Protein chains: 2
Amino acid sequence: MTLREEIEALCINAKEASARLALADTETKNGVLLRIAELLEQERESLISANQQDLEAAEENGVAKTMLDRLALNENRIRGMAEALRALVKLEDPIGTGESWTRPSGLTISRVRVPLGVVAMIYEARPNVTVDSAALCLKTGNAVILRGGKEAISTNSAIVALIKRALEDRGLDPHAVELIESTERESAQILMTMRGAIDVLIPRGGKGLIQSVVENATVPVIETGAGNCHLLVDESADLAMATRIAVNAKCSRPSVCNAVETILVHASVAAKFLPMLNDAMQDFDVELRGCARTKVLIPTATEATEEDYYTEYNDYIVAVKVVDTLSDAIAHINKYSTGHSEAIVTENADNAERFLREINSAAVYVNASTRFTDGGEFGFGAEIGISTQKLHVRGPMGLPALTTEKYLVRGNGAIR
Amino acid sequence: MTLREEIEALCINAKEASARLALADTETKNGVLLRIAELLEQERESLISANQQDLEAAEENGVAKTMLDRLALNENRIRGMAEALRALVKLEDPIGTGESWTRPSGLTISRVRVPLGVVAMIYEARPNVTVDSAALCLKTGNAVILRGGKEAISTNSAIVALIKRALEDRGLDPHAVELIESTERESAQILMTMRGAIDVLIPRGGKGLIQSVVENATVPVIETGAGNCHLLVDESADLAMATRIAVNAKCSRPSVCNAVETILVHASVAAKFLPMLNDAMQDFDVELRGCARTKVLIPTATEATEEDYYTEYNDYIVAVKVVDTLSDAIAHINKYSTGHSEAIVTENADNAERFLREINSAAVYVNASTRFTDGGEFGFGAEIGISTQKLHVRGPMGLPALTTEKYLVRGNGAIR
């Protein structure tokens, strides 16, 4: 079997499993999630030893420390995964929810939520994403095909084996969760082109992955996670608040997509605010890359290029630009942003409302950190990613994002 | 300017117009619709004369009679367009609707409907689609780029000139509605690849267009209108009802996407039902293409090939197949269907519910004709097409299909 044939076979199995899974009731699906949680805790030693193999190989291959940290499993993290599953059980199952109405034709029309079918995920070497993705898909009656980062392959194989065992234990088809074991680049490329077999592909990862998906995918895609987020410090801003929010948005977790990458500062407060910002950022060793006017006020800043304003650093680096008007700031953001999250700090209610209205991003904040763009913080209980596209779902993707609708129409011989 | 540069310039103009249009209030948008209705009626003679040019050219080029009919404008049809605009004014504007909640973090989160931005439409030579599409987009605050069939170019130019006049009369940017005047194949191809400039492309047309869009588009797409619809006559069916529904679903308007293309008949009623079906279909000169068992009962039927079961005839032709079980029928439909509309005629409530649950299409009917899949019949008041995809919108697309959501988050210095 070629790699393509292998992946095709796996897609066919998943599709068959999805048809049956779509009909499973909430209790059955929750039973699987609880069983996975149980098995994860019960088999934690073998999971940790599979993970140890991955970690050793990764270290040998000189994988960066931050990635090693994301890859590593320990008892605490396994307990965290199990707890996340138990929390997911408590969330409402969107499948089957909907509404009905009757038309003058006599027809009764019901619009109900149904699973998408087969979801494919391509993601990096993060074992918790394996568990989360499988669980969110199962809860919504979707089969899922997982293609995780190569550094996590032993861990992912061990986790998916447990998930399949849980499915069987609860009388469901183990093909509902499939792992692509080939970690060659080609396996991801093939998966992106399984048109007809995959209902949606959700890539989670860096710019390179998203770009490759946009260029090569022939299956429907939900783009996630590209976050070139902005903070605007307005003329009327409370500058102490602005400093706190800037530090939080940049430094609380620079590697995530809702971290701020560019700070725009209104010219009339630049002389006062930029030294405050610089002082605060120095505590976290943040590199500031500024426009010419920024560099006058912060001489230690390096010079920002056009490219910098397009860049999601995911690091202790931030671009800074002085702007003359709110309009200039809005135009800058709508040009350079990836449409994820943007914030304004202002005491002026009109400016706040204008910013909320005119900024063309999934989440727009007034006097709050962009770091809140997150399914948990928004009250969705769980998320499978943060969509930066406009179709289907925008912003944090909770359970309903993994569903579609279907119209059920009941008549008594009605013709038109 | 090359054609690509021309289309790029037009996209940039539309994008700029869309930012301003997105902020227009309902009254202003309705004012434009009413003004378009007024101008259409006022300028009907010049519209009819522009249409006359198209009709003459089309006749010279030997265009098929059904297409000529769709292309033709007369006073009645212009009045119909104006009435459709006035009806659209009465529909609720989805923009700005939504809900708000407060989180333990103190943040107030609002989820509101906003326009998609720039919608592109590629469609056939139907002047009413020009008016409808522009109106639906304007009502939802979207700019629209229209690329209609070449046979309608003079009519479309005249209509779009009136729409631009109406926009100016009501103080809005006329670039909010743009027509691509080049009717070369290349212009459609270029439009499909205007990534970043177009928020969604909605192709309306035949299989060739949809296929070309699926293969070439790099902009987000909503697939519409492919309708290989099925009718299943179950074991327990009221056969008189089944005959009425079959005739209605096939013959009331064979050219549309919700017409039935294959009729599946349970083996236990085939001997009784097929002659009834054949008699009724003969009144409309429908060609029956049957499986071997059908041909035994209807000797005049031609033989159906595998290809027939995949075909959307849009004509007075119907495929017929005898099936042994409900499971076989469901499997056939889920294999060959385009996921548009399917119906069962049955007196057995369990079979009805199973059909509703297991058929994987946008609209699933019990004891009613598939011809009801339509925005008006569903109560949506207007539609821009019927989606056969699962992401974003499924089935008849009303005004909300032309919107996305945005989260507005208000805090008082909240950090995470």
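Author: Take one pair of residues: the bridge partner of V233(B) in β12(B) is V345(B). The model is predicted, so to read it: local features need pLDDT of at least 70, side-chain atom pairs count only at pLDDT 80 or more, and totals for chains, interfaces and linings use all residues. Residues are numbered from 1 along each chain as its sequence is written, while chains are lettered from A and ligands numbered from 1 in the order in which they are written.

Reader: How many bridges join β7 of chain B to β12(B), and are the strands parallel or antiparallel?

Author: The general idea comes first. Strands of a sheet pair through backbone hydrogen bonds, either parallel or antiparallel. Two strands count as paired if DSSP finds at least two bridges between them. Here β7(B), residues 229-233, is joined to β12(B) by 4 bridges, and the two run parallel. Strands are DSSP runs of E with at least two residues, helices are runs of H or I with at least four, and both are numbered from the N terminus.

Reader: Which strand does β12(B) pair with through 4 other bridges?

Author: That partner is β13(B), again parallel, with 4 bridges. Within this pair, S341(B) stands opposite A363(B). The path between the two strands goes through α15(B), and this β-α-β crossover is right-handed. Right-handed means that, with the strands pointing away from the viewer, the path from the first strand over the helix to the second runs clockwise.

Reader: Are the residues of β12(B) buried or exposed?

Author: A residue is buried if 20 or more other C-beta atoms lie within 10 Å of its own, exposed if 12 or fewer, and partly exposed in between; C-beta atoms are placed from the backbone. Strand β12(B), residues 341-345, has 5 of its 5 residues buried. In a regular strand the side chains alternate between the two faces of the sheet. In β12(B), S341(B), A343(B) and V345(B) point one way, E342(B) and I344(B) the other, and all are buried.

Reader: Which elements form the side of chain B that touches chain A?

Author: Contact means C-beta atoms, placed from the backbone, within 7 Å. By that rule, 49 residues of chain B touch 49 residues of chain A. The elements giving two or more residues on the chain B side are α10 (239-251), α15 (349-358), β13 (363-368), α16 (375-378) and β16 (403-414). The largest share, 11 residues, comes from β16(B).

Reader: Which strand of chain A is joined to β16(B)?

Author: It is β13(A), residues 363-368, through 5 bridges, and the strands run parallel. Within that pairing, Y365(A) stands opposite V409(B).

Reader: What is the strand order of the open sheet of 4 strands in chain A?

Author: The order is β5-β4-β3-β6, with parallel pairing. The edge strands are β5(A), 177-179, and β6(A), 200-204; each pairs on one side only. Strand β4(A), residues 143-147, is joined to β5(A) by 3 bridges. V144(A) has V177(A) as its bridge partner in β5(A).

Reader: How do I read chain A as a whole?

Author: Count its elements: chain A has 16 helices and 16 strands. Of its 416 residues, 53% count as buried. Its C-alpha trace spans about 70 × 70 × 35 Å along the principal axes. Among contacts with a separation of 6 or more, 71% join residues 24 or more positions apart.

Technical notes:
Contact = placed C-beta atoms within 7 Å.
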